Amino acid sequence: MKETKNKAQTNWKDSLPIIVFILMFIVIIAVFRILQPGFLQMSSIYSILRKIASISLAATGLTFIIIIGKFDMSFHLVGCFTGVCFCFLMVKMGIPPFIAAILTVVFGSLWGAVTGLLVSKLKFPDIITSIAVGSIAYGAGYLFSNAAYIYLHEDFEKAIAYKNIFTVPLPIWIMIIILIICYWLMEKTEIGRKFYAVGANPKAAYLSGINVNRITLIAFMLGGALVAFTGMFMNAEQGFASVTTTQSILPQGFSAVFIGWAIFKKPCIHGTLFGAALSVVITLGMAQLNLPYFWGNLATACILVVALLISIIKYNDRSAMIPAKKQPKEVASL
Amino acid sequence: MLFFILILIFAFFCIVAGSSFYSSRNITNILKSAGPLAIMLFGVTWVVASGKTDVAFPEVGSLTSMTFAYFYLAGTTSALASLYGIVAGLLMGAMSAFLIIKLKFNPLISTIAVSTAGGALATSYSGGSVIKISAIASKTFIYELCQWKIGVFPMIFLIAVGIAIVMWFIQEKTKFGQYIYAIGDNPQAVREAGIATWKIDLILYIVSALCAAFAGLVYTITVFSSGQPIMGTSFFLNGFTIVFLGALAIKLGKCNVLGTLISAVILSCMTNGLTQLGAHYSVTQLSKGLLLLAGVGVITFTRRKSIGKAGMLKYE
């Protein structure tokens, strides 16, 4: 009897952050709606969804890398490269959009493969390696664009960012399809379990027969491939390609992943989608209130801190780690 | 080893770019741009040497820069405005230290959060545009200071050398400096040995913010002569390239202050030379990235060699 009660309590406790976050989400939307009646009209809901599509795809790529316990500090720079590369292939080389998109995704995953190989096979430190590879990718992006904008023809723009299928724009369809595949991959298949195993303890994962290097490589390649979509969408939406387009999505990507981590207790695909939606709604809502854009950035930083706080508080419940501050005293008393 | 690279790069550009490169005026220019860059990264070097990361330094610089420019234009004296600027930068350092030590966040994530917030605050002074102070900047003390030079050495480079020597002394000859290296190798062991690691972490992040703030001030007054809201990506990439190249000098595989100074000179030497050759911006960016990769590679391989293969699993 007592046991069941306890179980019920823990279940309730487990779902508390999810409820709190959903309530917070509704409250935020309501506040924006009251302050700015035009906030959730049919026309603007698609622009919000489009933005969510770009951010959540990049953040999903980052999620894979964070699941295996590594960091990628350069996904936004790879996005800079892929965006420019995509427009270059279409405008300057005359390749049809569909093939250009496939090529771009391949290039994006190649950048990921470079980082992944260096990190997994050669045991380079992940943060620095990704910064170095990102720096090279960024330079390569300049090589394509020649430090100028590449303007897209209107039909290209319509073909990618503004094409509607059943009145829903194409990027949103692509986001839905990719996220469902990723969700299935992470939650329902063996490979998803392997990802989480590597993240929890790479040594134990290796000893239980998982090819850690291959998993790391796959994670980084997926990260590169997914951020390629973000680069394409963001550049196609604004109608011209510039190297700096995706430069500012780094904090948004990280906050999306960590909000998801805070809600669902692990870095996961659905959590990241939720986090991306939250940060995009807040940023865009502030923009529609005619607040300057930097308030959106400040809000993103605050969300990130709050998300971390929640996830850290939960960690402290479980882990037996002694706080660093108290330790010296105990040692002294011994 | 790093000296060798420096001489190699210098010789290469001397041959290719000719006399315009090794004229004393150009050397002064190279050192002048290396000075503040090195100062900005000294603190970061310590943080990285202790096994953590600080990605907030460009934003600390820009917040200081904007705060200074704002108060200076509002009519405060330059000394007071600099003080406000540096205090603003230090607050950012204290903020990241608070998040990392008290709340035990991952250093990378918390400095990303702090840098985003700091960047937003820096833009909020003017709504995203730069604040020009060029007409009156010549009156300030730091500007005068940076105009002096001794031989080919500009004053700002000598200041950087001075700071580097002091910090090198602290890092190598004092207990505190040895703790930095020790934390970098095994923080748990240091904590178990009864050392208050949180105090050391606090000092590291404060020093990092102080260095970045001072460099931001120097940049504002001498280089940009305006408050810059976004120092951003190029400082970030250059910064980490310099710090990790610095680990190739003197103590192989350990980030140290003198190495940072030398590699700052290397990087500005390279940028200057490539610009004189009329190279594309992308070439500079690519070569910086490759240089960083090479540096990290050398460090990784020497470290693995020194550890040896005993007790290592195959995948390690």
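## Two helical chains: a short briefing

The axes of helix α3 (residues 24-49) of chain B and helix α9 (residues 155-173) of chain B cross at roughly 30 degrees and come within 8 Å. This is a predicted model, in which local features need pLDDT of at least 70 and side-chain atom pairs count only at pLDDT 80 or more, while totals for chains, interfaces and linings use all residues. Residues are numbered from 1 along each chain as its sequence is written, and chains are lettered from A and ligands numbered from 1 in the order in which they are written.

**The α3(B) and α9(B) pair**

- Axes here are lines fitted to C-alpha atoms, for helices over the stretch in contact, and angles run from 0 to 180 degrees between N-to-C directions.
- The crossing angle is roughly 30 degrees, so α3(B) and α9(B) are roughly parallel to each other. Angles under 35 degrees count as roughly parallel, over 145 as roughly antiparallel, 65 to 115 as roughly perpendicular and the rest as oblique.
- α3(B) and α9(B) have a left-handed crossing. The term means that the near helix is turned anticlockwise from the far one by less than a right angle; if the turn is clockwise, the crossing is right-handed.
- From α3(B), L31(B), K32(B), A34(B), G35(B), P36(B), A38(B), I39(B) and F42(B) meet I156(B), F157(B), I159(B), A160(B), I163(B), A164(B) and M167(B) of α9(B). Two residues are in contact if their C-beta atoms, placed from the backbone, lie within 7 Å.
- By class, the residues of this contact are 13 nonpolar, one polar and one charged. Ala, Val, Leu, Ile, Met, Phe, Trp, Tyr, Cys and Pro count as nonpolar, Asp, Glu, Lys and Arg as charged, and the others, Gly among them, as polar.

**The two chains overall**

- Chain B has 15 helices and four strands, and chain A has 14 helices and four strands. Helices (H or I, at least four residues) and strands (E, at least two) are DSSP runs, numbered from the N terminus.
- Of the 316 residues in chain B, 51% are buried; in chain A, 49% of the 334 residues are buried. A residue is buried if 20 or more other C-beta atoms lie within 10 Å of its own, exposed if 12 or fewer, and partly exposed in between, with C-beta atoms placed from the backbone.
- In chain B, 78% of the contacts between residues at least 6 apart in sequence join residues at least 24 apart. For chain A, residues 24 or more positions apart account for 74% of the contacts with a separation of 6 or more.

**Where the chains meet**

- 43 residues of chain B are in contact with 44 residues of chain A.
- On the chain B side, α6 (107-124), α11 (187-192), α12 (197-224), α13 (232-246) and α15 (281-307) each supply at least two residues.
- α15(B) gives the largest share of that side, 13 residues.
- The side of chain B that touches chain A has 23 nonpolar, 15 polar and five charged residues.

**Helix pairs in chain A**

- Helix α4 (residues 97-120) and helix α5 (residues 126-145) of chain A pack at about 150 degrees, with their axes 10 Å apart. That angle makes α4(A) roughly antiparallel to α5(A).
- The crossing of α4(A) and α5(A) is right-handed. Residues making the contact include W111(A) and L118(A) of α4(A) and T129(A) and V133(A) of α5(A).
- The axes of helix α7 (residues 170-188) of chain A and α12(A) cross at roughly 140 degrees and come within 9 Å; α7(A) and α12(A) are therefore oblique to each other.
- L179(A), C182(A), Y183(A) and M186(A) of α7(A) make the contact with I269(A), H270(A) and L273(A) of α12(A). These residues are six nonpolar, one polar and no charged.

- The largest nonpolar core has 198 residues, and F81(A), F258(A) and A38(B) touch the most other members. Such a core is a set of buried Ala, Val, Leu, Ile, Met, Phe, Trp, Tyr and Cys residues joined through C-beta atoms within 7 Å.
- Helix α10 (residues 212-238) of chain A supplies the largest share of this core, 16 residues.
- V114(B) lies in helix α6 of chain B and counts as buried, with 31 C-beta neighbours inside 10 Å. Leaving aside neighbours within four places in sequence, V114(B) is in contact with A56(B), M92(B), M95(B), S96(B) and L99(B).
- A276(A) sits in helix α12 (residues 269-288) of chain A and is buried, with 28 other C-beta atoms within 10 Å. Not counting residues up to four places away in sequence, A276(A) touches I52(A), I55(A), S56(A), A59(A) and A256(A).
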